[in-house]
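Morning, everyone. Please have a look at it first.

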Amino acid sequence: VGLAATAPLAGYLFHEPRLVTLLLVASFAIPIQSLSTIYLAALHCDLRFGRVAGILFGASLIQNGAAVLLALGGWGALAIILPLLLNAVFLATAFRIAAGHIPIDRLNLRASLALCGPVGWLVVNGLCVATLNYGANMAIGLVQHDTTAAGYYHRGASLACQTIFLLVTNLQGVFFPVLTR
């Protein structure tokens with residue numbers, strides 16, 4: 001809701017009206033992406049990394065394949081955003097099938113309030129990661145108003161950081177559930 005509400009402001013700040021449509025489409029993917037969270041956590045707790053890796057590989061094929069096909073079809077920037085919806089639906093369905101039924105009890109307010117502190121730190125971590133990943137792009141876009149310069153910078157930085165991201169993300173994905181268990 002926050003992303004959809006701020007989409008017009010982003011379009012205005014970056015002098016790019018097409019950004020509004022992109023952000024609105026992306027805002028639809030976010031709630032769908034959250035559907036797989038509980039099932040992914042269950043698979044991690046059961047240390048079923050092979051299953052998780054297979055599903056994530058399939059999701060990568062779907063997202064990147066759809067992006068290429070849409071780009072070839074002339075969809076422009078939407079070719080990158082629309083596959084997020086396909087990917088979210090695939091992940092939610094695949095993780096649900098792989099994890100099976102997970103009973104969810106009624107809300108325990110006392111236990112939920114106890115989680116507010118740790119969840120707050122996870123939110124702060126997410127904001128810091130997003131700032132690290134996209135802060136430079138945002139600054140370039142705000143200062144230069146040139147999507148080409150921001151695009152070149154983003155692509156170059158992404159390629160330069162791939163090895164580090166692959167190593168750190170995979171180590172985090174394995175160590176976090178193992179050490180938690």
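The accessible surface of the protein chain is about 12800 Å², and carbon and sulfur atoms account for 72% of that. Keep in mind that this is a predicted model.

What is the chain built from? The protein chain has eight helices and zero strands. Read from the N terminus, the order is α-α-α-α-α-α-α-α. Along the principal axes, the C-alpha atoms fill a box of roughly 50 × 35 × 30 Å.

Of the 181 residues in the chain, 20% are buried. As for contacts between residues at least 6 apart in sequence, 68% of them join residues at least 24 apart.

On charge, the chain carries 8 positive and 4 negative side chains. The centres of those two sets are 12 Å apart.

Which residues of H4 are buried? They are Val 52, Ile 55, Gly 58, Ala 59, Ala 66, Ala 67 and Leu 70. In general, an α-helix has 3.6 residues a turn, so residues three or four places apart point the same way. You can check that against the numbering of the buried residues, such as Val 52 and Ile 55.

And what covers them? The cover includes helix H3, residues 37–45, and helix H5, residues 78–99.

Last item: after H4 comes Gly 74, with a positive phi near 85°.

Note on methods: Residues numbered from 1 in each chain as written. Predicted model: local features only at pLDDT ≥ 70, side-chain atom pairs only at ≥ 80, totals over all residues. Heavy atoms only, no water. Helix = DSSP H or I, 4+ residues; strand = E, 2+ residues; numbered from the N terminus. Buried < 20%, exposed > 50% of the residue type's maximum accessible area, 1.4 Å probe, protein only. Contact = heavy atoms within 4.5 Å. Areas by Shrake-Rupley, 256 points an atom, 1.4 Å probe, with all protein chains shown as cover. Lys, Arg positive; Asp, Glu negative; His and termini not counted. Charge placed at Lys NZ, Arg CZ, Asp CG, Glu CD.
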